[in-house]
Amino acid sequence: AVSDAVGILGWLCVEPAPAPFVADMIGGSEYFTNRILKEFKDKDATQTGWATSFVAFLKALPPYIKKYHTTGIAWNSVKSSPTTSSSSSSSTSLSAGELHGTSTASALV
């Protein structure tokens, strides 16, 4: 089930419409999750619960993609500045020797 679903991750590279690609790929994985449901019905609720949740996750992907990534992956377009400057972080950083309570010279000996 999972090995067939891995191909769904290819939606990240599909343009201009990744949602139909995902919807088409769900069937292969759903075939194997149905086999899990059939085999473990009334035997192992963990297995059937996982299979049901996995299919629900896969079926939730196309609507999510249609809503947020209609024509392909959309990265955060909001520009923000870093919260700390590199000069302030370098003055407070410790060397590995200082972190472990040894100096660099004694660590080499």
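Which residues make up the largest nonpolar core? I started my notebook with that one, keeping in mind that this is a predicted model.

**Entry 1: the core.** I found 10 residues in the largest nonpolar core: Ala 5, Ile 8, Trp 11, Ala 19, Val 22, Ile 26, Phe 54, Leu 58, Leu 61 and Ile 65. The largest share, four residues, comes from α3.

**Entry 2: Val 22.** I picked this core member and listed its partners, leaving out residues up to four places away in sequence. Val 22 touches Ile 8, Trp 11, Leu 58, Leu 61, Pro 62 and Ile 65.

**Entry 3: the whole chain.** I stepped back to the fold and counted six helices and zero strands. Along the sequence I read the pattern α-α-α-α-α-α. Of the 109 residues in the chain, 20% are buried. I also looked at contacts between residues at least 6 apart in sequence, and 64% of them join residues at least 24 apart.

**Entry 4: the surface.** I noted an accessible surface of about 8,200 Å² for the chain, with 60% of it belonging to carbon and sulfur atoms. What makes up the nonpolar surface patch of about 380 Å²? I found Val 2, Val 6, Leu 9 and Trp 50 there.

**Entry 5: Val 2.** I placed this patch member in helix α1, which spans residues 2-5. Is Val 2 buried or partly exposed? Its relative accessible area is 42%, so I logged Val 2 as partly exposed. For background, I jotted down that nonpolar side chains tend to be buried together in soluble globular proteins.

Key. Residues numbered from 1 in each chain as written. Predicted model: local features only at pLDDT ≥ 70, side-chain atom pairs only at ≥ 80, totals over all residues. Heavy atoms only, no water. Patch = residues over 30% accessible without salt bridge, like charges linked within 9 Å, V, L, I, M, F, W, Y side chains within 5 Å. Areas by Shrake-Rupley, 256 points an atom, 1.4 Å probe, with all protein chains shown as cover. Salt bridge = Lys/Arg side-chain N within 4 Å of Asp/Glu carboxyl O. Helix = DSSP H or I, 4+ residues; strand = E, 2+ residues; numbered from the N terminus. Buried < 20%, exposed > 50% of the residue type's maximum accessible area, 1.4 Å probe, protein only. Contact = heavy atoms within 4.5 Å. Core = buried A, V, L, I, M, F, W, Y, C linked by side-chain atoms within 4.5 Å.
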